[in-house]
Amino acid sequence: MNTFIAKVVDDIFRKQKNYENLIFVLPSQRSCVFLKEEVLKQLPKASFLPKIISIENYIQEISEIKLIDTTQLLFEFYSVYKKCLPNKNIESFDAFSQWATIALHDFNEIDSYLVNAEYFFTNLRDVKRLEEWFQDKKPSELALNYLQFFEYLHILYYELNNKLKSNKFGYQGLIYKEAKDNLEAYIKSNSNKHIVFVGFNALNKAEEHIFQELLNSNIASVYWDVNEKILNTSNEAGVFLRKYKNDWDYYKKNDFLWCDSNILDSKNINFIGAPKNISQIKYAGELLSNLDNFNKVALVLADENLLNLTLNSLPNNVKNINITMGYALKDIPIASLFNKLFKLHLNQQKFNKVTDQQFYYKDVLNLVNDPFLNKLYGEVLLKIDAKIKSENSVFINLETLKDLIISKEQEEASILFCLFEFSTNINAIIKQCCNLISELKEFTVGIEKEYLFRFYTIFQQLETLNFNYKHISDLKTLHLFFNQILQNEKLSFQGEPLQGLQLMGMLETRVLDFETVIITSVNEGILPAGKNDHSFIPYDVKKYFGLPTYQEKDAIFSYHFQRLAQRAKNIYLIYNTENDGYGAGEKSRFLTQLEISNPEIKHIFISPKVKHHKNPLLELVKTPAVLEKLKELFKKGISPSALATYIYNPISFYEQKVLDIREDNDVEETIAVNTMGSVIHDVLEELFKPFIGKFLTIENIVKMQKRSNTLLIKYFEKHYLKGNIETGKNKLIFEVSKNHINRFLSKELALLKQNKKLKIIALEEKLECQFKIEEIDFPIKIHGIVDRIDQLDGVTRIIDYKTGKVEANQLKITNFAMMKDDYKYTKAIQVMLYSYLYTANINKVIEPLQSGVISFKNLNSGFLKMNFSEKYKGIDNDISEERIQDFMIEIKNLIKEILDSEKPFIENINLPF
């Protein structure tokens, strides 16, 4: 493959024989590596290697100014900001940083494009005045502040420029501007050199000036990588190169190098539509798996956020890979540890718990469950987790944490305690983070050590910046800059740059040629990026002053896209077909343009292979050990709710009753339904307990109504440990509970006012009974607690309180054989079992006897009774001895099924919600 770089080196070596005087300047460091390899191939032996440098470093050499780090630049800018503005207008560092990065980006463009700053800022100020002043007769205070911001902007620009230049540092635009001013001296001192610019396209005004001056001084050559289709038509990809060819004086007398006519016409081009990002990357992996040699293969990620997914989707035959994109620090696992740590203390401030030295439980649990910390303090962290959950602590005290962390046996855990006891001094906090990293490094291996080292350098950088500038005054600002560094910085990959698969972003493809190219995310909004332009400068002002807009940026990516495809034999362009958001499923217009000139393009639409695999029902055989556990369970006693669990799902019954697996206790920040139920049960028990064996009077109920609120608070404090019922959802739940009790008492009062006779027989009565079942050689015990047994006008009632909603049809049953097949009837099973237990304990069936439910969410329906009528809307509520016997036959059949060794526990796939 005759690459562009190979042709350039060949042409230069034919024209220039003093190789040591050559300076090759390229768009990127990556392209420098490839050019160096080609130079070594063509350079005669016993010759000095020419200088090879990226444009960024070359401009720094001309300007004699070093590029400043983006974070340090922000600190410098804030120093200038504080110096120039009145104290009353100065914002905090974190508020300042929200807009400062946009302003710095605009400063960079102003200088790169050699805009007259004084004239520019005057115009910008006037435009903003027009925008605001014509809306109202008198501008608002907000509008005045907005205008004042643009008044100060040019002052900040000049002051920042002067300060940076005095320290021999600069942002990229300032370096370009200084390079332009130093160019004459540079040409004089390098007149014996020959500079070769290779593969450039869109130049800023400073670069245009530098290139032209060097060309006109006959100490430079420029090699453009372009073909006739791009250059000699209205193709947007050639907008810059056509301009240079037509406008530069040098090209009116000299040849334009090069317009390459030897471009491969026969290409294998494929458009692949794939749903979602993961399908795109998986398909790219499939394409790679079919290749044998990767030395001329490039996988280009138009959306660089897919790097992590790509690395996990590469096929096994990719042995060597070179990755130009760095791994974003924000995606590294240890980043979450420090974010959890900062969030712990920031939320402490947010909840005003600093004075009380308390932490929000979720922040503590997030921190103690971090995998990195668990490598150091796993046992201690488990104790903290258990303590919080057992005591239902929404906020946990620092003193409690200290007791759990530091003991005579655990002196080494003092660093862990320091994480909860942050200093108010920012440098001390940074030191604490560094100490934690030093501790962690002893327990990490491989790439994790590299992660830790990179984060150690971040904290060192923050410490140095704060020592020099003292702008980080609080934890919020420290966290802001920590995250800003994570967003901007990347962990570089090491590899052999000239071997194997090349995995790169779109800009890294400049100057390079490949035989096989795979590009992902070829969608509008990504390639090209669209109108996402963060700037204070309006579009019209940008156009007037020749600053780049989204149109120029689209043209840049159009050039990169077409240039990359011009020498490739096999091109695979993958785009997302899904309409997740606006334009997400729209393929790039670059594909449409390519399709017009290449009608034989193959179109492929892919979708993930979905295998319809029906999972077999989970079946658990009853081993002798399981049967022994079941025997022990039934001899000890089984409750109606346990039988209901079996009907719901036999597997759940097995997990809870055989394996003794219980749900993990979670902190109850919002009152749970079962807690609310326990509170209401306990309040009603205490209210009615003094009247067991007595007939209730109206006066009794009135007194209960007066006591109910006090008791409600008492039992919420008992069941809802350390919980707050004064605010938020918990206050609403408290009020709902109060309403349930008041409505219930009002119903009781209404009965008594109707001259009904209501006698309380028992409350929270513990009942149990043993009986024998044929074919089972041990006695079966059933036990339960009945919420209330009373007598209303001579009718004995067995009542179960339910805080949830129960309908009358759930208690209507005509055939007891249906019970074990439908979870709907579990409430009927429960109250019928209570009836059986009650009659068994008193050795007779009292008639009339009724059992049922009082549902607090359906209190208007009153006491919902068991109904045995076969007629539509028929009523038959009486529980007779015959009905109890019929019911117990089915219960015994259910128990026999549970204990049957031949019948496994089978999963219920139709679980009710």
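The legends below describe several close-up views of a predicted model.

Residues are numbered from 1 along each chain as its sequence is written. Because the model is predicted, local features need pLDDT of at least 70 and side-chain atom pairs count only at pLDDT 80 or more, whereas totals for chains, interfaces and linings use all residues, and side-chain values use heavy atoms, with hydrogens and water left out.

**View 1. Helix α14 packs against helix α21.** Helix α14 covers residues 333-350 and helix α21 covers residues 475-488; helices here are DSSP runs (H or I, at least four residues) and strands are runs of E (at least two), numbered from the N terminus. The axes of α14 and α21 are 10 Å apart, at an angle of about 155°, where an axis is a line fitted to C-alpha atoms over the stretch in contact and angles run from 0 to 180 degrees between N-to-C directions. The two helices are therefore roughly antiparallel (angles over 145 degrees count as roughly antiparallel, under 35 as roughly parallel, 65 to 115 as roughly perpendicular and the rest as oblique). On the α14 side the contact includes Phe338, Phe342 and Leu346, and on the α21 side it includes Leu478, Phe482 and Leu486, contact meaning heavy atoms within 4.5 Å. The residues of this contact divide into eight nonpolar, five polar and one charged (Ala, Val, Leu, Ile, Met, Phe, Trp, Tyr, Cys and Pro count as nonpolar, Asp, Glu, Lys and Arg as charged, and the others, Gly among them, as polar).

**View 2. Helix α5 also meets helix α21.** The axes of α5 (residues 93-112) and α21 come within 9 Å and cross at roughly 30°, so these two helices are roughly parallel to each other. Among the contacting residues are Phe93, Asp94 and Ser97 of α5, together with Lys476, Leu480 and Phe481 of α21. This contact is made up of three nonpolar, five polar and two charged residues.

**View 3. Phe420 belongs to the largest nonpolar core.** A nonpolar core is a set of buried Ala, Val, Leu, Ile, Met, Phe, Trp, Tyr and Cys residues joined through side-chain atoms within 4.5 Å. Of the 121 residues in the largest one, Phe338, Phe342 and Phe420 touch the most other members. Not counting residues up to four places away in sequence, the residues that Phe420 touches include Leu344, Phe359, Val364 and Ile405. A second, separate core of 55 residues includes Leu630, Ala762, Ile776 and Phe816.

**View 4. Leu164 lies in helix α7.** This helix spans residues 141-166, and Leu164 is buried, with a relative accessible area of 1% (buried means under 20% relative accessible area, exposed over 50%, and partly exposed in between, with a 1.4 Å probe and protein chains only). Leu164 touches, among others, Ile68, Leu73 and Tyr171, when residues up to four places away in sequence are not counted.

**View 5. A cis peptide bond joins Glu847 and Pro848.** Omega of this bond is about 0°, and Pro848 is placed in the loop between α31 and β24.
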